[in-house]
Amino acid sequence: MSKQRGFIPFKQTSFSQPEMMKRAEALYQFSNQRRSIRDFSDKDVPFEVIKNIVLTAGTSPSGAHKQPWTFCIIRSNELKSKIKTAAEEEEYKSYHGRMSEQWLEDLKTFGTDWNKPFIETAPWIIVVFKRIFEFEENEKRPNYYVNESVGIACGLLINAIHNAGLATLTHTPSPMNFLTEILERPENEKPYLLLPIGYAARDAKVPNIDRKTFEEVAILFD
Ligand code: IYR
């Protein structure tokens, strides 16, 4: 049984209305500059920055506050090389038979293929694992809303990376059980997302695409 620790007072950080409006608009404008990047520079990024990014992701809400995530933070060239080789092997099969014609057509906009050089070029890779259950005193204990919790944590992670002036990509090699083996994760963890982190290459290009408008994504029930 987990220990109950009662309740403590909460003090909201709040702002005047003009300040609130300025902050909300500024965060939107800044977030709207984020792009998924596939061409990375090999310029290094201090570990302290990566640590704070991961700590930010860990502020995510989660089902019953189980915090069902593990962030594998990888700088080792040997591991990155193993991961790249294994990811490309799976991706090659995906691009040559496993993905539907429609899927391949939909990806043409992004110019992706089975080659994943960014796994080795970016100074850091984070592989996020979801913890589908916990072992406590040799017994299995459930986690709740694991996909939702880890998805939200990854959203915070991505915005924290952008906030630091760095670039990332949500890479989901499929299937990705090779990550369990290479990173020697226990059976209660399943790979969820791979994110290279670093500076965009000087000559990086991004697809010329738009975001949906407010009217396209929102319905106001006033
Ligand atoms: N995982 C593959 C394919 C891929 C799928 C989607 I949906 C994308 O938005 C982008 C790529 C890859 O990483 O190339």
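The exercises below work through cysteines, backbone geometry and nonpolar cores in a predicted model.

Residues are numbered from 1 along each chain as its sequence is written. In this predicted model, local features need pLDDT of at least 70, side-chain atom pairs count only at pLDDT 80 or more, totals for chains, interfaces and linings use all residues, and side-chain values use heavy atoms, with hydrogens and water left out.

**Exercise 1. Find how many disulfides the structure holds, and explain the count.**

Step 1. A disulfide is taken as a pair of cysteine sulfur atoms within 2.5 Å.
Step 2. For the sulfur of cysteine 72, the closest cysteine sulfur is in cysteine 154, 12 Å away, so it is too far for a bond.
Step 3. Cysteine 154 has its closest cysteine sulfur in cysteine 72, again at 12 Å and too far for a bond.
Step 4. The structure therefore holds zero disulfides.

**Exercise 2. Decide whether cysteine 72 and cysteine 154 are buried or exposed.**

Step 1. Buried means under 20% relative accessible area, exposed over 50%, and partly exposed in between (1.4 Å probe, protein chains only).
Step 2. Cysteine 72 has 11% relative accessibility and is buried.
Step 3. Cysteine 154, at 3%, is buried.

**Exercise 3. Place the residues with positive phi, glutamine 67 and glutamate 137, in the fold.**

Step 1. Elements are DSSP runs numbered from the N terminus: helices (H or I) have at least four residues, strands (E) at least two.
Step 2. Glutamine 67, with phi near 50°, is in the loop between helix H2 (47-57) and strand S1 (69-74). Its relative accessible area of 33% makes glutamine 67 partly exposed.
Step 3. Glutamate 137 has phi of about 45° and is in the loop between strand S3 (133-136) and strand S4 (139-142). At 73% relative accessibility, glutamate 137 is exposed.

**Exercise 4. Locate the cis peptide bond between serine 174 and proline 175.**

Step 1. Omega of this bond is near -10°.
Step 2. Proline 175 is in the loop between strand S5 (167-168) and helix H7 (178-182).

**Exercise 5. Describe the largest nonpolar core.**

Step 1. A nonpolar core is a set of buried Ala, Val, Leu, Ile, Met, Phe, Trp, Tyr and Cys residues joined through side-chain atoms within 4.5 Å.
Step 2. The largest core has 22 residues; Ile50, Phe71, Ile126, Val128, Leu157 and Ile197 touch the most other members.
Step 3. H2, S1, strand S2 (124-131), helix H6 (146-163) and strand S6 (189-198) each give two or more residues. H6 gives the most to this core, eight residues.
Step 4. Apart from this core lies another, of 21 residues, including Cys72 and Phe178.
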